[in-house]
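Colleague: I have a model open and want to learn how to read its features. Can we take them one at a time?

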Amino acid sequence: MDKTLKQEQDAFLRDTLYKLLGQDSPTGFTDRAVEAAAGIAKELGFEARRTNKGNLVVAVPGREPGRRVGLCAHVDTLGLMVRSITADGMLMVTRVGGPLMPTLDGEYCRIYTRDGRVYTGTVLSLSPSVHVQDDAATRARDEKNMAVRIDEKVHSKADVQALGIAAGDYVCYDPKTVITESGFVKSRFLDDKASASCLLALLWRMSRTGERPRFDTWMTFTVHEEVGHGGATLPPVDELLAVDMGCIGEDLSCTEYQVSICAKDSHGPYDYEMVSRLVKLAAANGVDCAVDIYPHYGSDVGAAWGAGMDARAALVGPGVHASHGMERTHLDALHATMELAGLYLELA
């Protein structure tokens with residue numbers, strides 16, 4: 001792409017990041033994010049449909065017959081759910097997915113009731129004050145020792161129930177999204193809305209340039225990845241490329257500026273030929289990448305294979321620091337991810 005087109009794509013990417021990250025969408029409560037992604041895809045001229053389970057599938061016709069190709073990213077995120085209400089009107093919670101609970105101490109949140117009301121609150125330790133509790137600094141930050149303080153005049157369980165709040169209501173904490181002048185993207189839920197934004201930016205590129213993938217392609221935005229079965233009902237394809245966050249940390253080489261190519265995760269190795277092809281594509285085209293192994297990681301590929309999908313599969317994604325906490329990546333990593341995915345699709 002020429003410089004002007006890259007600048008336009010970058011502007012679209014930034015706008016899409018803010019749109020997707022601005023939609024509360026913990027697993028099981030994803031309609032807002034899916035509707036936002038569907039609206040973007042349809043505005044770009046692509047057919048988009050919802051499956052019974054809630055995934056969004058975007059069909060992209062290819063240039064020639066042959067293999068059926070799938071790309072997927074997930075728009076469900078981590079979150080909390082009301083477990084019970086205390087006698088003094090605090091909300092005890094249970095985790096949705098695997099949020100790093102200590103990082104939630106002090107976070108603002110929204111509580112969604114079944115009848116459509118929304119309240120604000122703050123996630124706090126049950127020993128929140130250094131002026132009062134001796135264990136304010138040392139008390140565990142976990143489900144048993146943290147609760148939500150509601151921004152309403154409540155003094156009892158009955159007061160909270162009168163607001164319509166009950167067990168099973170979702171608690172969504174603030175992503176705090178910022179894109180800095182230096183190109184860093186700071187936000188919760190970059191896992192995996194950063195990747196979903198990359199796929200939508202690829203659709204923008206195809207809409208803008210008229211390029212198409214070599215083979216018929218289905219882009220799926222899944223909604224149950226964080227609880228392990230997002231990829232269980234993907235469209236049948238011959239090859240599947242999952243686009244999900246790359247990990248950064250001890251014993252890993254990926255940075256916030258690269259696209260990660262995962263050779264193996266907790267479900268086992270990815271397809272050797274497909275991984276090798278991605279590595280060669282990156283090397284031949286100057287795409288900054290890292291190949292890593294993620295022992296504490298699973299993707300939609302594992303769910304797809306577990307459900308019996310007969311497909312080769314691989315995993316790539318932008319390097320994300322502090323995963324499941326206060327995450328950060330860089331636009332360089334998102335650009336590298338889009339470039340490698342475009343090369344994989346053989347856009348022309």
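Colleague: Which residues line the largest cavity?

Modeller: This is a predicted model, so a ground rule on confidence: local features need pLDDT of at least 70, side-chain atom pairs count only at pLDDT 80 or more, and totals for chains, interfaces and linings use all residues. Residues are numbered from 1 along each chain as its sequence is written, and side-chain values use heavy atoms, with hydrogens and water left out.
Now the idea. Rolling a probe the size of a water molecule over the atoms shows where empty space is left. A cavity is a set of points, on a 1 Å grid over the protein atoms alone, where a 1.4 Å probe fits but cannot get out; lining residues have an atom within 4 Å of a point.
Here, the lining of the largest cavity consists of Arg 67, Val 69, Pro 213, Arg 214, Phe 215, Thr 217, Glu 239, Arg 277, Tyr 344, Leu 345 and Glu 346.

Colleague: How many cavities of 30 Å³ or more are there, and how much space lies in the largest?

Modeller: A volume is the space filled by probe spheres set on the points, with grid points joined across faces, edges and corners. The structure has four cavities of 30 Å³ or more. The largest holds about 50 Å³.

Colleague: What volume does the largest pocket have?

Modeller: A pocket is an open set of points, with protein on both sides within 12 Å along at least five of seven lines. The largest pocket has about 580 Å³. Its lining comprises 31 residues, and closest to the centre are Cys 247, His 296, Tyr 297, Gly 298 and Ser 323. Helix H6 (residues 300-306) contributes the most to that lining, with three residues. Helices (H or I, at least four residues) and strands (E, at least two) are DSSP runs, numbered from the N terminus.

Colleague: Next, salt bridges. How many does the rule count?

Modeller: The rule asks for a side-chain nitrogen of Lys or Arg within 4 Å of a carboxyl oxygen of Asp or Glu. The count is 19. One of them joins Arg 208 and Glu 8, at 3.0 Å from N to O. Arg 208 sits in helix H4 (residues 190-209) and Glu 8 in helix H1 (residues 3-21), so this pair ties together parts 200 residues apart in sequence.

Colleague: Which salt bridge partner does Arg 14 have?

Modeller: Asp 10, at 2.8 Å from N to O. Both lie in helix H1, four residues apart, about one turn of the helix. Arg 14 is partly exposed at 29%, whereas Asp 10 is buried at 15%.

Colleague: Which residues do shared partners join into one network?

Modeller: Begin with Arg 312 and Asp 271, which form a salt bridge at 2.9 Å, N to O. Arg 312 is in strand E18 and Asp 271 in the loop between strand E16 (268-269) and helix H5 (272-284), so the pair links parts 41 residues apart in sequence. Salt bridges with shared partners join Glu 239, Asp 271, Glu 273, Arg 277 and Arg 312 into one network. Glu 239 and Arg 277 also line the largest cavity.

Colleague: What does the side chain of Asp 169 reach?

Modeller: Check charge first: Lys and Arg count as positive, Asp and Glu as negative, while His and the chain ends are not counted. Asp 169 is buried but has no salt bridge; Arg 114, the nearest side chain of opposite charge, is 4.0 Å away. Its side chain reaches the backbone nitrogen of Ala 166 at 2.8 Å. Asp 169 lies in the loop between helix H3 (157-162) and strand E9 (170-173).

Colleague: Where does Glu 327 lie?

Modeller: In the loop between strand E18 (312-320) and strand E19 (328-330). Glu 327 is also buried without a salt bridge, and its nearest side chain of opposite charge, Arg 188, is 7.3 Å away. The side chain of Glu 327 reaches two backbone nitrogens: that of Leu 190 at 2.8 Å and that of Asp 191 at 3.2 Å.

Notes
Buried means under 20% relative accessible area, exposed over 50%, partly exposed in between (1.4 Å probe, protein chains only). A polar contact is a pair of N or O atoms within 3.5 Å; within protein, one must be able to donate a hydrogen and the other to accept it, and residues adjacent in sequence count only if both atoms are side-chain atoms.
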